Amino acid sequence: MLDGLSNLEVLSLRSNKIKELEYGVFDDKSNMTHLYLQNNKLTTLPDGLFGALSKLKLLNLSSNELTTVTKDTFQGLKSLEYLYLDGNKLSKVPSDTLVS
């Protein structure tokens, strides 16, 4: 779906009823700085899904149906400044999840 968009910096997929993101979907998007995924139906995120997005500054996952995140969910996000997880079904976030 996103093949050939290696220079993409901002991607908005909000409010699309997305239930699942396949591992590797962002692998050639290393220039991306903003990713908007809010208001979808995501329940889980594969560990390392965002690993190639080392320049990502903003990740909005609010208003989905996420129930868990692990220490590997956000692995590789070295430049992340803003992370939005509000409006999900998270009961806890492990303390090592947001440690770089």
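Trainee: Fine. What kind of model is this?

Mentor: This is a predicted model, where local features need pLDDT of at least 70 and side-chain atom pairs count only at pLDDT 80 or more, while totals for chains, interfaces and linings use all residues. Residues are numbered from 1 along each chain as its sequence is written, and side-chain values use heavy atoms, with hydrogens and water left out.

Trainee: How many helices and strands does the chain have?

Mentor: The chain has 0 helices and 4 strands. From the N terminus on, the order is β-β-β-β. Both kinds are DSSP runs, numbered from the N terminus: helices are H or I with at least four residues, strands are E with at least two.

Trainee: How compact is the chain?

Mentor: The radius of gyration is 13 Å, close to the 13 Å from the globule rule for 100 residues, so the chain is as compact as a globular protein of that length. That radius is taken over C-alpha atoms, and the rule is 2.2 Å times the number of residues to the power 0.38. Along the principal axes, the C-alpha atoms fill a box of roughly 35 × 30 × 20 Å.

Trainee: What share of the residues is buried?

Mentor: Of the 100 residues, 35% count as buried. The chain exposes about 5,900 Å², and carbon and sulfur atoms supply 46% of that. Those areas come from the Shrake-Rupley method with a 1.4 Å probe; for residues, only the protein chains shown count as cover.

Trainee: Which residues have the most contacts inside the largest nonpolar core?

Mentor: F26, L35, L37, F50, L59 and L61 do, in a core of 22 residues. A nonpolar core is a set of buried Ala, Val, Leu, Ile, Met, Phe, Trp, Tyr and Cys residues joined through side-chain atoms within 4.5 Å.

Trainee: Take L59. What does L59 touch beyond its neighbours within four places in sequence?

Mentor: L59 is in contact with L35, L37, F50, F74, L77, L80, Y82, L83 and Y84. Contact means heavy atoms within 4.5 Å.

Trainee: And across the chain, what share of contacts joins residues at least 24 apart?

Mentor: It is 53%, among contacts between residues at least 6 apart in sequence.

Trainee: New topic. How many salt bridges does a search of the whole structure find?

Mentor: The search finds 1. D28 pairs with K29, and their closest N and O atoms are 2.2 Å apart. A salt bridge needs a side-chain nitrogen of Lys or Arg within 4 Å of a carboxyl oxygen of Asp or Glu.

Trainee: Is K29 buried or exposed?

Mentor: K29 is buried, because its relative accessible area is 0%. D28 has 35% relative accessibility, so D28 counts as partly exposed.

Trainee: Now T97. Where is T97?

Mentor: T97 is in the segment after β4 (82-84). T97 has a relative accessible area of 3%, so T97 is buried.

Trainee: What lies 2.8 Å from a polar atom of the T97 side chain?

Mentor: The backbone oxygen of P94 does. Leave out residues up to four places away in sequence, and T97 touches V69, T70, K71 and F74.

Trainee: What about K89?

Mentor: K89 is also in the segment after β4. K89 is exposed, with a relative accessible area of 54%. Beyond four places in sequence, K89 contacts E65, L66 and T67.

Trainee: And where is T33?

Mentor: T33 is in the loop between β1 (10-12) and β2 (34-36). T33 counts as buried because its relative accessibility is 18%. Among its contacts beyond four places in sequence are E9, V10 and K55.

Trainee: Last one. What is phi of K17 near?

Mentor: Phi of K17 is near 60°, a positive value in a residue other than glycine. K17 lies in the loop between β1 and β2. K17 has 63% relative accessibility, so K17 counts as exposed.

Trainee: What about S63?

Mentor: Phi of S63 is near 55°, a positive value in a residue other than glycine. S63 sits in the loop between β3 (58-60) and β4. At 30% relative accessibility, S63 counts as partly exposed.

Notes: Buried means under 20% relative accessible area, exposed over 50%, partly exposed in between (1.4 Å probe, protein chains only). A polar contact is a pair of N or O atoms within 3.5 Å; within protein, one must be able to donate a hydrogen and the other to accept it, and residues adjacent in sequence count only if both atoms are side-chain atoms.
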